[in-house]
Amino acid sequence: MPISFATSLELDLLYARWSGVVRFDDFASNFEAYLNDLHYRPGRRELIDHSGLTNLDISFDMMRALLRTVNEQAPSIVVETHTVIYSPNDTVYGVGRMYQSLADLAEGIQVEIFQDEVQALAALELGQYSSIEAVLEQNEFQPSQRRDNSSSGAGAA
């Protein structure tokens, strides 16, 4: 799977690592897993790591659909998700900037994108860490785990 994620309950942070080539279908499958994750909470801060990403195979229209999907994750409540993307690859960074521009026009998500890892961490108030690797090593992150939907609805905290 080109996208994997884990959650730090202590930091109230979702960490997602994107690698290789990511297509819209990959994002959609991952987002469904995220919504059904045991630790899912609408509005949780997100750190998206594109350092292993080589290409985003997503059109502008797909990017708009992606943003709509994110903003509809909890339609009954107002959710403001702070998403920080670390994207050191110039081409992928450019695509991320387009996503950021679209997010600026929508409600529900605040996107910041950085090519510098330390700046990305500082944007999430994690400036005490020297790298993403340090954040992962010094905190407990719960791997994705499907919630039993029979006892709680998707999107419930």
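Biologist: Which residues are exposed on the other side of α3?
Modeller: Exposed means over 50% relative accessible area, buried under 20%, and partly exposed in between (1.4 Å probe, protein chains only). Helices (H or I, at least four residues) and strands (E, at least two) are DSSP runs, numbered from the N terminus. On the other side of α3, the exposed residues are D90, T91, D104 and L105.

Biologist: What kind of model is this?
Modeller: Residues are numbered from 1 along each chain as its sequence is written, and side-chain values use heavy atoms, with hydrogens and water left out. Local features need pLDDT of at least 70, side-chain atom pairs count only at pLDDT 80 or more, and totals for chains, interfaces and linings use all residues; the model is predicted.

Biologist: What arc do the buried residues of α3 cover?
Modeller: The buried residues of α3 are V92, V95, G96, Y99, Q100, L102 and A103. The arc is taken from the directions from the helix axis to the C-beta atoms. They lie on the same side of α3, because their arc around the axis is only 160°.

Biologist: Is Q100 buried or exposed?
Modeller: Q100 sits in helix α3, residues 90-105. Contact means heavy atoms within 4.5 Å; leaving aside residues up to four places away in sequence, Q100 touches V111, E112 and I113. Its relative accessibility is 12%, so Q100 counts as buried.

Biologist: Are the rings of F5 and Y34 stacked or edge-to-face?
Modeller: Rings of Phe, Tyr and Trp (its six-membered ring) pair if their centres lie within 6.5 Å; planes under 30 degrees apart count as stacked, over 60 as edge-to-face and the rest as tilted. This rule gives six aromatic pairs. The centres of F5 and Y34 are 5.7 Å apart and their planes stand at 80°, so the pair is edge-to-face.

Biologist: Which residues do ring pairs link into a cluster?
Modeller: F5 in strand β1 and Y34 in helix α1 are 29 residues apart, and both are buried. W18 and F27 are a tilted pair, because their planes stand at 50° with centres 6.3 Å apart. Ring pairs join these and others into a cluster of F5, W18, F27, F31, Y34 and Y40.
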